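User: I would like to go through this model with you, moving from single residues to the whole chain. Please have a look at it, and then I will start asking.

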Amino acid sequence: MARVLSGVQASGLPHIGNYFGAIKQHVEMSHGDDDCYYFIADYHALTTIQDAEVLATNVHHATATYVALGLNTEKSAFFRQSDVPEVTELTWLLATCTGMGLLERAHSYKDKLAKGIKPSVGLFTYPILMASDILIYDAEIVPVGKDQVQHVEMTQDMAGHLNNLYGAELLKRPEWRLSPTPKVPGTDGEKMSKSYGNTIPIFAEGKPLKKIVNRILTDSREPHEPKNPDDLHVYAILDLFLTEDEKAEWRARIEAGGENAPGYGHMKKAIMEKMDELFGDARVKYRELLDTPAGQEELEAVLQQGAARARATAQGVLARVYDAVGIKNRGIGI
Ligand code: ADP
Ligand code: TRP
């Protein structure tokens, strides 16, 4: 049994890239033998969202998404990052041992600067808070998307520095784990991302869903022309929803061309049907959780229960680190 941990930045409507790249694995693992910790990264979100209402709504939606999609909230700890404030204490201790050079090499920081985001000190030190998120729970496996791998590698470096200084066993070295589909394409064929406006939201349905799916970029070739499925954005999206047998069948028909070959319209229709099949029940649950007082109470109860469990683990690890560095004050609550 391994300790698995991942954080979810609450930054808008979750899309099928988030689902196949992250959420699906998180939910599956929560039903297995591993000891899973998942949290909504609201401290991190503050580096880009400075509107109290928007932040609160995003946290609410992200929580509802995981619960609606079947996260096992009994077996795993699902919580709000800020409900375990000890994580900021460990962040400071890590910061004192982290070289500026390490942070200056962060791709995600450089990407955000390139997008024109005005950097705050918090944005610059974001990887230290993320390292603290991981190390404070003695996490061993961190399932993330490709874009987050460097942050986990930085966490390994930080743990290594502290262990060199204070004892090899002080902090656990985490390993990252990619999902089988770490890069889901958007409607334009680029990486699906909220920042590119090319997403298919998990819980879209009916006419709005149809409008979005119709936007998936295709070319003008006729259905009967033989094609390589690997060249088609629309097939790449459909493929996510198919079983191995279904994949073989669709691929063979696309490659063969002729009368039985599916056109782009068929593939788009199949995507909508598959979305209804996969997310239909969760969609209903999602709306219930968000729109009814009972639903909102359920979400809050889940988060509180998760926080109590996570906080107990965090306090234990933090006490160990304070002892090692020679600080006797154990912080509030320990
Ligand atoms: P976005 O790029 O839309 O802002 P986030 O950065 O909030 O998405 O990502 C949340 C999680 O979903 C991360 O683990 C990220 O790696 C994963 N993810 C996001 N977009 C994709 C994608 N297109 N394909 C696979 N995984 C993705
Ligand atoms: N930075 C991650 C993202 O943008 C979210 C995150 C915060 C995280 N802390 C984490 C992921 C710890 C894994 C482990 O997606």
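User: Which residues is Ala-131 in contact with, leaving aside its neighbours within four places in sequence?
Analyst: Please keep in mind that this is a predicted model. In it, Ala-131 is in contact with Leu-94, Thr-155 and Met-158, once neighbours within four places in sequence are set aside.

User: Where is Ala-131 found, and is Ala-131 buried or exposed?
Analyst: Ala-131 is found in helix H8. Its relative accessibility is 0%, so Ala-131 counts as buried, the cut-off being under 20%.

User: Staying around helix H8, what about Asp-138: where does it lie?
Analyst: Asp-138 lies in the loop that runs between helix H8 (126-135) and strand S4 (141-144). Its relative accessibility is 15%, and it therefore counts as buried.

User: What is phi of Asp-138 near?
Analyst: Phi is near 50° for Asp-138, which is a positive value in a residue other than glycine.

User: Changing topic to Arg-80. Which strand is it found in, and what does it touch?
Analyst: Arg-80 is found in strand S3, residues 77-80. Not counting residues up to four places away in sequence, Arg-80 touches Ile-40, Asp-42, Val-59, Glu-300, Leu-303 and Gln-304. The C-alpha atoms of Arg-80 and Ala-41 are separated by 6.6 Å, although these residues are 39 apart along the chain.

User: Why does Arg-80 count as buried?
Analyst: Because its relative accessible area is 16%, and the cut-off for buried is under 20%.

User: Now the salt bridges. How many are there?
Analyst: The count comes to 19 salt bridges.

User: Take Arg-283 and Glu-205. How do their side chains meet, and where in the chain are they?
Analyst: The side chains of Arg-283 and Glu-205 meet in a salt bridge, at 3.4 Å from N to O. This pair links distant parts of the chain, 78 residues apart: Arg-283 is in helix H13 (residues 264-291), while Glu-205 is in the loop between strand S5 (175-178) and helix H10 (206-214).

User: Are those two buried or exposed?
Analyst: Arg-283 counts as buried, because its relative accessibility is 9%. Glu-205 is partly exposed, since its relative accessible area is 43%.

User: What about Asp-276 and Arg-283?
Analyst: The side chains of Asp-276 and Arg-283 also meet in a salt bridge, at 2.8 Å from N to O. At 38% relative accessibility, Asp-276 counts as partly exposed.

User: And Glu-277 with Lys-274: where do both lie?
Analyst: Both lie in helix H13, three residues apart, which is about one turn of the helix. The side chains of Glu-277 and Lys-274 meet in a salt bridge at 4.0 Å, N to O. Glu-277 is exposed, with a relative accessible area of 63%, whereas Lys-274 is buried, with 15%.

User: Which residues are linked in a network of salt bridges?
Analyst: Arg-3, Asp-35 and Arg-309 are linked in a network of this kind.

User: A quick one on Leu-318: which helix is it found in?
Analyst: Leu-318 is found in helix H14, residues 293-325. With 0% relative accessibility, Leu-318 counts as buried. Leu-318 and Ser-76 are 242 residues apart in sequence, and their C-alpha atoms are 21 Å apart in space.

User: Let us turn to the whole chain. How many helices and strands does it have?
Analyst: The protein chain has 14 helices and five strands. Its C-alpha trace spans about 75 × 45 × 40 Å along the principal axes.

User: What radius of gyration does the chain have, and what would a compact globule have?
Analyst: The protein chain has a radius of gyration of 22 Å. A compact globule of 334 residues would have one near 20 Å, so the value agrees with that.

User: How much of the chain counts as buried, and how much area is exposed?
Analyst: Of the 334 residues, 51% count as buried. The protein chain exposes about 16,100 Å², and carbon and sulfur atoms supply 52% of that area.

Technical notes. Residues are numbered from 1 along each chain as its sequence is written. Chains are lettered from A and ligands numbered from 1 in the order in which they are written. This is a predicted model: local features need pLDDT of at least 70, side-chain atom pairs count only at pLDDT 80 or more; totals for chains, interfaces and linings use all residues. Side-chain values use heavy atoms; hydrogens and water are left out. Helices (H or I, at least four residues) and strands (E, at least two) are DSSP runs, numbered from the N terminus. The radius of gyration is taken over C-alpha atoms; the globule rule is 2.2 Å times the number of residues to the power 0.38. Buried means under 20% relative accessible area, exposed over 50%, partly exposed in between (1.4 Å probe, protein chains only). Accessible areas come from the Shrake-Rupley method with a 1.4 Å probe; for residues, only the protein chains shown count as cover. Contact means heavy atoms within 4.5 Å.
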